[in-house]
Each structure stands twice: as C-alpha cells, then as structure tokens.
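Please look over the sequence and the structure shown below before reading on. The report that follows is meant to be read side by side with them.

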Amino acid sequence: MNSEMQNDKYLTVLRSHLGTLTAAEREEIVREIAAHIRDSAGEPGASVESVLLRLGPAEDLAAQYRDGLLMRRASRSVSPLLLLRAALRLATKSVSGIFVFFCSVFGYAFGAGFVFIALAKSIVPAHAGAWVQDGRLVAMGAFEYGIPPSAHEILGVWIIPLGLIAGSLTLVLTTFLIRNSLKLSQRLQERL
Amino acid sequence: MAALASLWNGRLYGLEIIRFLETQSQLSLAEGTVYPVLNRLKSEGLLDSEWVEAEAGHPRKYYSLTEVGRSRLRHMAEAWASFSSGLSRLLEPVLQHSAEERATAGVSELKEEKIPQ
C-alpha cells in the first residue's frame, strides 16, 4: 500500500468511527488530523507510515473523541442511560471507575425499587409492602404469592411516601455520584 | 495543563504543541491523545481555534487560550506549584539520605581498592 492510500484509509476509518459527533465536528477533526499527517510526514526522517504509527489506530483515536463527548454530555445530564454509559466507559479505564459503575447500577436499581414498591402499594395494596418475621425483613416488594403467612406487614401505607422519598433520594444521590466522578476523572486528565 | 501552558506565549497548531511539549519537558505524549484533549479543552471554552492558511499550502488549525483558559491555567499553575513544593520538602530527607549513602559507598569502595596494594 502506498503512503497516499494509507493516509486515505486512515482518515476514512477515523471518519466512520466518529459517528456520534455532528457532521461539522467530524469534518473538522478529519481535516485537522489530515493536516497533522501532512506536516508530520514532511519532517526529516519521517514517513506517513511512522506518523500513523505514532498516532495510533484510527479506531482508538476516534474513541477518544467520542469518550470526550460522552463525558461532557453526561456530566451535565440527568439521564440514567447516558450516565450509566459514561460510568461504564469509566469502568473500562480504572479500578475506581469499576467501583463507580457498580455503585451506580446498585443505586439506580435500589432507587427504582423503592419507587416501584410505593407505586405498587398504591395500586395493589394487598400485594405490596414490607413484611417481617422474627425481627427480620423477609419480603419487600410486590408479590402475587410467597409471603410467609406468619410474617406481618410493617409500615402499611406509609411505605408509599417513605418509598418515594427513599427512592428519589437514592436516584438523586446516584446521579450526583456519577456526575461528580465524571468531573473528577476529567480534572485528573486535565493535568495533561 | 501542559497543553494549556504551551499556549501561554501565543497561538500554536497541534504539531507545534506536541513538539513544544517534547522539547520543553520530558513529556512525550502519545500523539493520538493530544488532539482529543485539545478538542475537549476547546469545547470547555478554555481554548479558541482558527484555521490559518499556511505557506505549506494547506491550512492549519491554530489554538489559543481564551480569557477563561488563561485564568484557569493561572489557578492550576499556582495549585501545582504549592503541591510540588510541599512534595519536594517531603522528599528532601530521602534525597539527602541517598546522597549520603552514595558518598559513603564511594569512600568504602576507595578503601577496598587500597587494600590489595
């Protein structure tokens, strides 16, 4: 493959992996990298091949741009989907990222669970709630069957406001946790 | 921070920033990481960019610090300076100790050399 073909192929792959960015941003990035390759390969002792090698695979380069965009969007967003995706990216990069991701999954699951119980209690009161037996919580949620007959329900309808409060608090806290972790990880990167 | 610092004295384009960082410090960055970082700094409003037609025959994307970027860099530099001076104080005894060790090791080597004579 001659150097012009290598160059074109690199830029094509780069462009095709920048799908989440706007067309204008995409073209600007490709133009900038193309200028870099031309300038860099023009230096004494350099070749298109060595320049591309130093830049790293086009897929990886594109992924860094996409990550940057994802992190920026997510750290200003409240969408659990976007935040979870960003947390997952964080998890692929560091151990603390894995911790943050697991916390967020649990946070969202518990938050949604509490809200669900509150809603279920207000729709099918007999089948939803929290039951204890011998001082232990044996069932919490919404059930068709399976609640031990000897268990007795606690909280009653109070589980509705409590579930809503606990649920939304957990969801808000989880959102804050992820957003702050994302901001922190960007801060750390900023040392560069 | 390094990328911002390289622009303190005026606008540069990507390759110049990379070369600047290489020559002014031991920071040799993977070239592929510099451009996405510049892109991020720009979208955060710390950098501005403009395409300038160069004598090389193709335009280059020049970056410069915005006012926000300038003041952010100033804060970062101050924070970094106080952090690193604290750390240097902390490491001083360690460096002193290892220098002494090297000195005494040098002396004992000399002695050993003398013994066979």
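Residues are numbered from 1 along each chain as its sequence is written, chains are lettered from A and ligands numbered from 1 in the order in which they are written, and side-chain values use heavy atoms, with hydrogens and water left out.

**Confidence**

The model has an ipTM of 0.73 and a pTM of 0.75. The pLDDT is the predictor's confidence in each residue, on a scale from 0 to 100, and for chain B it averages 83, with 87% of the residues scoring at least 70. Within chain B, confidence is highest in strand 3 (residues 59–65), at 91, and lowest in helix 4 (residues 67–114), at a mean of 83. Where pLDDT is low, the predicted coordinates should not be read in detail.

**Strands**

Helices (H or I, at least four residues) and strands (E, at least two) are DSSP runs, numbered from the N terminus, and two strands pair if DSSP finds at least two bridges between them. In chain B, three strands make an open sheet with antiparallel pairing, in the order 1-3-2. Its edge strands, each pairing on one side only, are strand 1 (12–13) and strand 2 (47–53) of chain B. Strand 1 and strand 3 of chain B run antiparallel and are joined by two bridges, and Y13(B) stands opposite Y62(B) in strand 3 of chain B.

In chain A, strand 1 (residues 128–133) and strand 2 (residues 136–142) pair in the antiparallel sense over six bridges, and A139(A) in strand 2 of chain A is the bridge partner of W131(A). These two strands of chain A form a hairpin with two residues between them, and D134(A) in the turn has a positive phi of about 55°.

**Rings and charges**

Rings of Phe, Tyr and Trp (its six-membered ring) pair if their centres lie within 6.5 Å; planes under 30 degrees apart count as stacked, over 60 as edge-to-face and the rest as tilted.

| Pair | Kind | Centre to centre | Between the planes |
|---|---|---|---|
| Y13(B) and Y62(B) | edge-to-face | 5.3 Å | 75° |
| W80(B) and F83(B) | tilted | 5.7 Å | 45° |

Y13(B) lies in strand 1 of chain B and Y62(B) in strand 3 of chain B, so their pair ties together parts that are 49 residues apart in sequence. W80(B) and F83(B), in contrast, both lie in helix 4 of chain B, three residues apart, about one turn of the helix.

Buried means under 20% relative accessible area, exposed over 50%, and partly exposed in between (1.4 Å probe, protein chains only). Y13(B) and Y62(B) are both buried, whereas W80(B) is partly exposed at 37% relative accessibility, and F83(B) is partly exposed at 48%.

A charge sits over a ring if NZ of Lys or CZ of Arg is within 6 Å of the ring centre and within 35 degrees of the ring normal. R11(B) lies over the face of Y62(B), at 4.7 Å from the ring centre, and the charged end of R70(B) sits over the ring of W8(B), 4.6 Å from its centre.

**A buried residue in chain A**

N7(A) is found in helix 1 (residues 3–16) of chain A. Why does N7(A) count as buried? N7(A) counts as buried because its relative accessible area is 17%. Leaving aside neighbours within four places in sequence, N7(A) is in contact (heavy atoms within 4.5 Å) with I37(A), V48(A) and L52(A).

How values were computed. This is a predicted model: local features need pLDDT of at least 70, side-chain atom pairs count only at pLDDT 80 or more; totals for chains, interfaces and linings use all residues.
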